[in-house]
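This report describes the fold of one chain, the contact between two chains, and the setting of one residue. The sequence and the structure are shown first.

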Amino acid sequence: MATERKKAKKNSRFWEVMRRLRKNRLAMAGLVFLLLMILISIFAPLIAPYGYETQDLYNMFALPSAEHPFGTDNLGRDIFSRIIYGGRASLTIGFASVAVSAVFGMTLGAIAGYYGGKVDMVIMRVLDVFQAVPAILMSIAISATLGPGLVNAILAIGLSTIPGYSRMTRASFMSVQGMEYIEAARAIHCGDRRIMLKHVLPNAVSPMIVQMTMGVGSCISVAAMLSFIGLGVQPPSPEWGAMLSAGRNYIRDYWHIVLFPGLAIMLTVLSLNMLGDGLRDALDPRLKN
Amino acid sequence: MALLEVQNLKKYFKTPRGILHAVDDVTFSLEEGKTLGVVGESGCGKSTLGRTILHLLDSTGGKIFFKGEDITVVSRNKLGELREDMQIIFQDPFSSLNPRFSVSQTIREPLELRGRLSKAEMEEEVDRLMEVVGLAPRLRNSYPHELDGGRRQRIGIARALALKPKFIVCDEPVSALDVSIQAQILNLMLDLQEKNGLTYMFVTHDLSVVKYISDEIAVMYLGQMVEKCESDRLFERPIHPYTQALLSAIPIPDIHAQNKRILLKGEITSPINPKPGCRFAARCAYATEKCREPQELREWEPGHFVACCRAEEVSA
Amino acid sequence: MSGESLISVKDLVVEYTSGEDVVHAVNGVSFELNAGETLGLVGETGAGKTTIAKSILGILPDPPAKIRGGEIFMDGKNMLKLSQKEMRKVRGNKIAMIFQDPMTALNPMFVVGDQIAEVIRLHEKISKAGAAKKSMELLEMVGIPGERGREYPHQFSGGMKQRVVIAMALACNPQVLLADEPTTALDVTIQAQVLEMMMRLRDQRGTSMLMITHDLGIVAEVCDKVAVIYAGEIVEMGTKEHIFDFTSHPYTEGLFGSLPNLNTKTKRLKPIPGMMPNPSSLPAGCKFHPRCPYATEACKTETVPLFETEPGHLVRCLRRDPRQVR
Amino acid sequence: MLRYVLKRILMFIPIILGVTIFVFTLLYFTPGDPAQVILGSDATEEELEACREELGLNDSYLERFARYCSDVFLHGNLGESYINGRSISEEVASRMPKTFTVALVSVILAVCIGMPLGIISATNQYTWKDNTAIVLALLGVSMPGFWVGLMLSLVFALKLGLLPPSGWGGIEYLILPCVSIALSGAGSIARQTRSSMLEVIRQDYITTARAKGQTERKVIYVHALRNALIPIVTQVGTMLGIQLSGAIVAESIFSIPGIGTYMVSGIKNRDYPVVQGSVLVVAIIFSIVMLLVDVAYAFVDPRIKAQYAAPKKRTAKEA
């Protein structure tokens with residue numbers, strides 16, 4: 001029986017989740033692919049066969065070949081190399097905008113959920129307003145205001161997804177607060193801060209981890225869309241959406257210019273979604289043992 | 001002197017449909033080392049009563065005295081002191097333990113918050129508490145989800161005992177447990193009381209349990225105390241019509257017992273915006289005009305309190 | 001009152017698989033339910049009581065549950081061999097079930113009248129209006145005004161919901177009623193009302209009943225025969241008198257010892273030490289031996305059969321082995 | 001019930017006001033000089049100043065906001081484009097129906113593909129059908145809509161010539177843009193349907209329905225689906241907002257003269273009143289849809305009414 005098993009480490013929970021995650025083949029595939037993408041982005045200069053701005057005007061629109069695995073674009077730049085470099089921008093935007101929205105969103109949600117009452121009401125009414133604008137439209141609007149650029153794209157996407165994180169954090173805080181162990185903590189004279197950090201947060205954090213994981217994927221997708229319609233990261237910077245935007249005019253004759261950047265986005269988002277699904281199952285306390 | 005005295009305690013909740021009178025004008029006192037059983041059906045306010053006394057909920061009205069001192073309104077520091085003397089054991093051994101805390105963490109937390117003991121002393125104290133409640137030392141680093149209900153409840157008891165309280169509110173501590181485990185926990189609680197001179201307020205809906213563990217029993221109905229007396233006496237000679245019906249409703253595990261059952265009409269009504277009179281009147285076979293007036297908890301016989309204007313007729 | 005056997009369960013074995021673990025929920029349970037008789041299945045959480053009832057009705061969730069062996073006979077037919085279509089004609093019609101938690105047993109999206117009418121229309125050739133009328137009558141029968149059939153479950157209190165569930169179960173006048181802890185979720189005064197009503201209706205209609213409960217008080221009041229279940233096995237079975245007056249199995253003794261007595265002053269309870277074994281790794285020999293005060297070496301290894309100590313009184317304990325003289 | 005609807009409508013007003021403040025403020029702080037945009041780079045400082053005065057750009061924030069609100073809400077006037085001076089209200093009014101059609105059709109498409117997929121998946125848990133459906137749904141939610149649009153137009157319009165690559169007209173013009181944005185919607189509806197069906201199938205009342213002798217088909221489609229529908233309805237509502245945004249992008253791929261192309265051109269030309277007006281109108285339409293969803297809720301779920309009347313746990317604790 002489980003009780004007989006010795007448990008020593010404090011972080012045993014992390015390993016418990018990892019152990020369960022390992023059994024999930026889809027999630028592991030997602031994790032491996034994601035780590036691979038991150039490594040490739042970090043070591044892009046070492047891996048990419050060409051520079052992202054190296055033009056080869058004798059070799060424009062080249063179809064995939066041994067020399068150019070994904071072909072070249074309208075300026076004769078190697079698409080494979082550009083995708084490798086593009087991962088830097090896309091992954092940065094993905095992780096950074098999730099960080100922005102998670103920090104703001106969860107703080108707001110935690111405050112609303114923990115204190116309740118008027119504080120909660122004010123925060124929620126404000127969020128209602130922001131949620132009345134669909135998130136993507138909101139990021140378009142903010143992005144139009146801030147202007148193009150990587151940092152502005154991060155801000156635009158990050159700010160527009162705050163309400164989702166707040167709501168989820170609030171809901172998850174409130175459900176934890178209905179638990180008797182919170183009352184038990186108050187009965188031994190635990191302060192608000194300690195209750196929040198030691199009792200509520202660790203128990204409310206699972207859905208947040210899942211949402212953040214999947215959020216990175218959707219932020220990458222939105223970022224690509226922003227660059228596609230001329231906001232966010234601009235060409236000639238190697239960003240997957242910007243590459244699609246630049247390549248769309250040649251799509252009729254040179255499909256490869258559009259296919260590969262799109263595939264890169266899709267596979268990255270897919271791997272994050274698979275990992276997120278796996279985490280959701282692995283973190284579900286109902287599936288203990 | 002009574003350890004705990006509660007006078008006209010009230011706890012109301014605001015709801016969209018009106019004011020919910022969860023605890024309405026409850027008065028009693030409890031001697032040191034004794035157990036008061038509080039019984040009633042769901043929604044009678046018995047759990048709210050315990051939580052209000054412990055200041056887990058703010059009272060709406062009335063007074064609470066502990067060791068002769070008025071503790072109705074206290075500062076945060078004073079509350080910290082009080083909570084060393086007053087503790088609670090919860091009903092649900094599943095939701096009353098933080099799933100991320102190991103057994104020793106849970107039991108150590110109250111000690112940590114006080115900060116009086118050194119690390120080593122705390123570890124020793126945790127070991128001692130685990131032994132006292134009958135938890136094997138090898139379970140120190142187990143997590144609640146790895147343990148069964150009985151053991152979890154023992155953790156909850158150890159946590160409550162950590163600060164060496166004088167008074168413990170036991171909120172349905174055995175209701176979620178199977179009978180065989182339930183008996184183990186009840187015996188443990190009696191042993192602890194004897195050894196440490198604890199005073200219990202034992203809140204439950206289970207009448208056979210309450211009879212076993214209590215010195216005195218208070219019966220609650222819709223936020224009010226309708227009858228209170230010495231435990232055995234309540235079962236021998238219940239006066240209030242509700243108590244009579246409640247006692248007769250218990251199925252007795254004895255095939256030769258003949259009990260005449262009083263079946264009540266209808267179901268419990270809502271304690272939202274109640275009318276002044278007896279709240280049980282609508283279901284009571286003895287109800288008359290007089291029952292529409294507010295009922296007072298009066299001393300029917302020495303130590304036997306009843307809130308029924310027709311006690312004479314009912315008991316005849 | 002009791003007549004010939006209506007349902008007979010023979011060597012029923014049910015397992016649940018969860019991950020790598022196999023949970024042995026029911027391990028060779030046999031009993032007969034006779035016409036007009038009420039049999040109580042008594043045991044603690046996880047003993048396998050509900051699994052037995054769901055097996056009879058063929059509504060075990062598969063996966064994870066799997067019936068590994070045994071037979072369940074009704075009307076001379078092995079119900080475990082019937083097709084889904086044939087079983088559907090049995091469910092709700094010949095055998096009906098009442099569930100533990102009335103709060104969740106009714107579909108929140110439909111008015112209760114329709115939910116009762118549904119079972120009538122499934123098993124009887126009757127018009128929509130006829131079924132509606134009959135569902136109103138059934139509600140009246142359980143003490144609810146017929147016009148409340150137009151209300152949704154959330155508009156009823158717990159006790160009222162359980163009455164609706166009972167009306168639904170009795171709608172097609174079943175021969176057998178499986179009642180799974182029907183009053184556990186209710187307050188004691190409401191429990192008394194509902195139990196009284198169930199017994200009245202059972203007696204009027206001559207329904208046989210399988211009463212699943214952990215409450216020996218309810219058993220004393222409702223049942224004719226009792227089977228005590230521990231870790232998926234019947235450890236003691238007999239008439240109510242056998243069980244209450246001639247308690248033979250140490251587990252049954254332990255159950256009685258754990259209960260505070262209302263009529264006499266109990267000084268101290270005598271609980272069963274230890275706890276229920278993990279059903280995925282049950283002990284060898286007698287499954288109760290780790291908690292049993294009388295356990296001997298033999299109890300740890302020998303598979304213990306049910307011994308008939310008196311006609312109709314079966315006990316799964318080596319101490320009752322007639323071959324052994326004690 | 002009426003009270004519920006009225007309350008929802010009342011809650012709608014401050015939200016719209018808030019959205020207006022938000023959109024107005026956002027574009028108020030946008031860097032750049034509108035006068036410069038209108039007059040071009042070779043205008044003199046006097047001309048620019050006169051233009052600013054005429055547009056009221058020199059007034060305070062509050063004055064400008066008050067004027068904007070009164071224009072929008074009292075006169076239905078969203079202002080004029082800096083570039084061509086045309087009324088934005090008229091332009092939006094003529095373009096909005098196209099965008100809305102694309103969004104609505106794609107939501108319907110997403111529901112028609114996603115729900116059956118989710119139901120098949122949930123009722124055949126852990127079988128190959130379930131696995132296939134899970135993978136399809138995952139692919140659906142992971143593909144960026146605009147890229148799917150490009151690829152679809154490449155295959156079906158440019159290579160096979162089956163459908164028109166761009167423009168607006170009959171149904172054939174709707175197919176590609178709608179499919180391209182419906183796929184991700186279908187994926188997420190399938191995932192939601194699956195999880196909420198799995199949740200419902202575990203409930204006691206489903207066992208009750210089986211115990212009655214009900215057929216498996218009816219247990220699933222009558223008893224389970226009705227309950228599982230509630231979270232799905234919310235999702236469909238939210239999805240219309242996502243699809244409205246998706247339509248904006250799809251329009252630019254398929255050159256549909258909808259609000260999306262209008263907005264994108266506004267962004268490119270720094271024509272801010274156009275962006276402001278378009279965002280505001282889309283947000284208002286989205287809010288109206290969410291309002292309808294909330295009201296629809298009350299009709300789908302009899303408990304909503306009760307929830308509305310019943311004491312909430314939290315409020316009870318605070319009293």
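In chain A of this predicted model, 69% of the contacts between residues at least 6 apart in sequence join residues at least 24 apart. The C-alpha trace of chain A spans about 75 × 50 × 25 Å along its principal axes. Of the 289 residues in chain A, 52% are buried.

Turning to the interface, 36 residues of chain C are in contact with 34 residues of chain B. The elements of chain C that each give two or more residues to the side touching chain B are listed below.

| Element of chain C | Residue range |
|---|---|
| α7 | 188–205 |
| α8 | 216–222 |
| α9 | 240–245 |
| α10 | 250–258 |

The largest share of this side, seven residues, comes from α7(C). By class, the side of chain C that touches chain B holds 15 nonpolar, twelve polar and nine charged residues.

One residue of chain C is now considered in detail. Arg291(C) lies in the loop between α10 and α11 (297–301) of chain C. Is Arg291(C) buried or exposed? Arg291(C) counts as buried because it has 20 C-beta neighbours inside 10 Å, and 20 or more is the cut-off for that class. Beyond its neighbours within four places in sequence, Arg291(C) is in contact with Ile272(C), Pro273(C) and Gly274(C). The C-alpha atoms of Arg291(C) and Tyr251(C) are separated by 8.6 Å, with the two residues 40 apart along the chain.

Methods. Residues are numbered from 1 along each chain as its sequence is written. Chains are lettered from A and ligands numbered from 1 in the order in which they are written. This is a predicted model: local features need pLDDT of at least 70, side-chain atom pairs count only at pLDDT 80 or more; totals for chains, interfaces and linings use all residues. A residue is buried if 20 or more other C-beta atoms lie within 10 Å of its own, exposed if 12 or fewer, and partly exposed in between; C-beta atoms are placed from the backbone. Two residues are in contact if their C-beta atoms, placed from the backbone, lie within 7 Å. Helices (H or I, at least four residues) and strands (E, at least two) are DSSP runs, numbered from the N terminus. Ala, Val, Leu, Ile, Met, Phe, Trp, Tyr, Cys and Pro count as nonpolar, Asp, Glu, Lys and Arg as charged, and the others, Gly among them, as polar.
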